[in-house]
Amino acid sequence: MIYNIGITVVDFGLKCVAPFNNKIKLGVKGRAKTFDILKSKLNKSDKTLWFHCASLGEYEQGLPVFQDLKKLYKNHKIVLSFFSPSGYEIKKDSSIADIVVYLPLDSKTNASNFIDIIRPELTVFVKYEIWPNYLSTLKQGNYKTILISALFRETQTFFRFYGKKLKKALFAFDHIFTQDQQSKDLLKSIGFNSVTVSGDTRFDRVLNQLDQDNLLPFIEAFKQDSLCFVAGSIWPEDEEILVEYINTQSSKKLKFILVPHDIKTPYIEKLQQKIKLNSVLYSKKENKNLKDFQVLIIDTVGYLSRIYKYADIAYVGGGMGTKGLHNTLEAAVFGIPIIIGKNYSKHPEAISMIDHGGMFSVSKLQEFEKIMELLIQDYTERLKIGQQNFNFIKKNRGAVIQIMEYSRKLM
């Protein structure tokens, strides 16, 4: 009862805030169109699979599983849903799905209507997505449902005395694939035993990146023969250290590529103004001799995973502040040393890479400078450290195989 009242309050609140927040507005408007989109593109005779992700990160995490399921069930229509505009707006034209929609808020009515329209033969949720009313409706309809790349902590509501409804929602899953043993142990502590430690599907995802065409001529024109430092998905907290360091580097032998998380024009302009070295924006690179610049700022989306190919050293953002560390595996697969901020305790892959010696955590400029000096001056050590990251990726692949084997049996 309390949960459902909360959903009603959230729905009202989002609609009130929407006129003043573009991201929320996109979500509110998008969810209002979901049922009409589904009804116009699905027939009662269609066989469907439903993939749901909170946002872009979960989409990338689930993609290798989605791809294999699409190949296996060629006669099924795939419905892909997102909760966040940051996922939907970027992947609304994804070739993996026949229909891409916003997931309506988790009310009983929305859940019942949504499931009644799509009637999925298999539903795949990714990582943290636990929506009690949707899961209850799936369970009542005897629809097959799995959660992949799940990661649980004992502080989460599922494992607290007041988390009865959310705990019950977990039991709607036919099977849960966790990233680590701790998550499996927590599930077993509440009586959920249909669980497998498969690891993180992102390892399979990033390894697939090596089979793609990662060439970017404009990066090659910029980098030339210089040592290249790539800072990906950076926030203001990351930039405080990075910009201060960059401004002390006069040597043309070291070049910098900055890929901010926020690419709005005012933010990008402010960032460029802080940089004293000769810099150029991706959006203004035409008719410019890129090799003459020492800093390249990428003010667009979609290139980062390929840009890491050109990095000799990488910094992955989000960990210096409270935004959350971004995907370090995208850089690690290219066998390069990685530096991150101080907040990474909720990211087991980061903890492991630090333990394996392929990644460094810093909290202040002096620490960053010391690590950079080591990585720049010692070529052999730089390669050795980077190789540790690649070896870590290879060692942890294989989650997709386990998930697919179970999915075949389930259907």
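This is a predicted model: local features need pLDDT of at least 70, side-chain atom pairs count only at pLDDT 80 or more; totals for chains, interfaces and linings use all residues.
Local features were considered at pLDDT of at least 70 and side-chain atom pairs only at pLDDT 80 or more, whereas totals for chains, interfaces and linings use all residues. Residues are numbered from 1 along each chain as its sequence is written, and side-chain values use heavy atoms, with hydrogens and water left out.

Helices (H or I, at least four residues) and strands (E, at least two) are DSSP runs numbered from the N terminus. Helix α3 (residues 56-72) packs with helix α9 (residues 202-209) at an angle of about 80°, their axes lying 7 Å apart. Axes are lines fitted to C-alpha atoms, for helices over the stretch in contact, and angles run from 0 to 180 degrees between N-to-C directions. The two helices, α3 and α9, are therefore roughly perpendicular (65 to 115 degrees). Contact (heavy atoms within 4.5 Å) involves E60, Q61, L63, P64 and Q67 of α3 and R202, D204, R205 and N208 of α9. By class, the residues of this contact comprise two nonpolar, three polar and four charged; nonpolar denotes Ala, Val, Leu, Ile, Met, Phe, Trp, Tyr, Cys and Pro, charged denotes Asp, Glu, Lys and Arg, and polar the others, Gly among them.

Helix α9 is mostly covered, with six of its eight residues buried (under 20% relative accessible area, 1.4 Å probe, protein chains only). These are R202, F203, D204, V206, L207 and Q209. The elements against which the buried residues of α9 pack include α3, α15 (348-356), α17 (379-395) and α18 (399-410).

An open sheet of seven strands with parallel pairing has the order β10-β11-β9-β8-β12-β13-β14. Strands pair if DSSP finds at least two bridges between them. The edges are β10 (279-281) and β14 (359-361); each has a single partner strand, so one side of each lacks a neighbour in the sheet. The twist from one strand to the next averages 20°. Strands β9 (residues 254-260) and β11 (residues 295-297) are joined in the parallel sense by three bridges, with F256 bridged to V295 in β11.

An unreviewed UniProt entry lists residues 40-204 as "domain: 3-deoxy-D-manno-octulosonic-acid transferase N-terminal". This span is 39% helix and 22% strand, and its end C-alpha atoms lie 35 Å apart.

Two non-glycine residues with positive phi were examined. R119, at about 40°, lies in the loop between α5 (108-118) and β4 (120-126). S149, near 55°, belongs to strand β5 (residues 144-150) and is buried at 0% relative accessibility.

Methods:
Buried means under 20% relative accessible area, exposed over 50%, partly exposed in between (1.4 Å probe, protein chains only). Angles under 35 degrees count as roughly parallel, over 145 as roughly antiparallel, 65 to 115 as roughly perpendicular and the rest as oblique. UniProt positions are given in the numbering used here, feature names are shortened, and annotations may be inferred rather than shown by experiment.
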